[in-house]
Amino acid sequence: MSSRINQISSHLAPPTSRSKIGVKSPDDVVIVSALRTPITRARRGPFKDTHPEKLLASVLKAILQKTGINPALVEDIQVGNVLPPGGGATVARMAQLAAGFPDTCSISTVNRQCSSGLQAVHYIASSIENGTIEIGIGAGVESMTMGYGAGVMPTSTDAEITEFGPAADCLLPMGITSENVAKKFNVSREKQDQLAVMSHQKAVNAWKNGWFNEEVIPVETMVADKDGNEKKITVKVDDGMRPETTFEGLSKLKPAFSSDGTTTAGNASQVSDGAAAVLLMKRKKAQELGLPILGKFVSFAVAGVPPKLMGIGPAFAIPKAIQKASVTLNEVDIFEINEAFASQAVYCVETLGIDMNKVNPKGGAIAIGHPLGCTGARQIATILPELERQGKKIGVISMCIGSGMGAAAVVERE
């Protein structure tokens, strides 16, 4: 592992060219809208009775309403999701049509686990770049209320395959991989709880100051009480952040996955429901249509890591993505690194030597939540307004991926 870590040094050296960042081209793939629903607690939050297709349709419709784009111009939609039966393909098509897109617009679902939303955006960006389509939407959705649990894992696996250790490690519970990272790399419980407290404080502060207003859309839905009585509500805010969270309170929580472990319910991401969508096209098309350009989708990378240490993925994906973008780590202004677990987030930040003040300035998944297929698209919706608010330019989105991978992307604010 140490030799693997050393390999990233070449990615961190100053680039020899600046072909993408800071240069505008008519053929740039740009983001003209990026929105998300509120992220709410699975099984307990206001989306507990809301199907994923309703969440997806809501954010797709909001994209159309905010931009005023003719839906017939959107040629393809890719949707990241992880848990739905049948890969979510049928209900995604239902959501697309209900949102107002004609049946001439195609759709597909994507599952690269926790990076599925970002993978969907990358697929659309690549299709635009190579001329397959002109306009598309990369999205993500997850109802962990309706899909999360033991049933999503294989009920049986081939004995010969699972005899191979790394293959069997793909079946490890994610919480155990978090404990593996903490133990192998000496990430203390104190550091994990400190990061968790910061995540909540940042999210609470961001909502208080209206920093989420540009990205979050209100969603009308139905919710049932304990007696089954339904009422219509409008969900406007995330409900996972806890203003009362303290380091002292978190330190009292028992380990959730191992009796001698350090991963708890308080320093791990929340199980959540939500959706997000990103509208992309080339710069020249956005200018032709008179649409605002929020930013440029500059680069994307994935990297494989040992499945039993899946949380370290961003430490390897981020260097690859910034090398493709011809920037250095120090030139990145904001990092949105998914807090699947505090153990792996701390490890990745410290290993890469990132200034923690640049990481998740509006809070991360420990406070906001982590609806698996949604997160990557959600991070784009979160980072672009924050880059604008801070007057900064370059952002990185990254996350670890179950079974041992990491993904990352670089965006540049217009």
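Predicted model: local features only at pLDDT ≥ 70, side-chain atom pairs only at ≥ 80, totals over all residues.
Residues are numbered from 1 along each chain as its sequence is written, and local features are reported only at pLDDT of at least 70, with side-chain atom pairs counted only at pLDDT 80 or more, while totals for chains, interfaces and linings use all residues. Side-chain values rest on heavy atoms, with hydrogens and water left out. Helices (H or I, at least four residues) and strands (E, at least two) are DSSP runs, numbered from the N terminus.

Strand 9, which spans residues 295-304, is mostly covered, since 8 of its 10 residues are buried (buried means under 20% relative accessible area, exposed over 50%, and partly exposed in between, with a 1.4 Å probe and protein chains only). Two strands pair if DSSP finds at least two bridges between them. Strand 9 pairs in the antiparallel sense with strand 1 (residues 29-36) over 2 bridges, where Val30 stands opposite Lys296. Strand 9 also pairs with strand 12 (residues 405-413), again in the antiparallel sense, over 9 bridges, and here Phe300 stands opposite Ala409.

Turning to the helices, the axes of helix 5 (residues 116-129) and helix 16 (residues 375-390) come within 4 Å and cross at roughly 75 degrees, which makes helix 5 roughly perpendicular to helix 16. Axes are lines fitted to C-alpha atoms, for helices over the stretch in contact, and angles run from 0 to 180 degrees between N-to-C directions; those under 35 degrees count as roughly parallel, over 145 as roughly antiparallel, 65 to 115 as roughly perpendicular and the rest as oblique. In this contact (heavy atoms within 4.5 Å), Gly117, Leu118 and Val121 of helix 5 meet Gly376, Ala377 and Ile380 of helix 16. These residues divide into 4 nonpolar, 2 polar and no charged, where Ala, Val, Leu, Ile, Met, Phe, Trp, Tyr, Cys and Pro count as nonpolar, Asp, Glu, Lys and Arg as charged, and the others, Gly among them, as polar.

For helix 3 (residues 52-67) and helix 4 (residues 89-98), the axes come within 8 Å and cross at roughly 35 degrees. Glu53, Leu56, Ala57, Leu60 and Lys61 in helix 3 meet Val91, Ala92, Ala95, Gln96 and Ala98 in helix 4, and by class this contact has 7 nonpolar, 1 polar and 2 charged residues.

Helix 14 (residues 342-352) is likewise mostly covered, with 9 of its 11 residues buried; among them are Tyr347, Cys348 and Leu352. Just after helix 14, Gly353 takes a positive phi of about 70 degrees.
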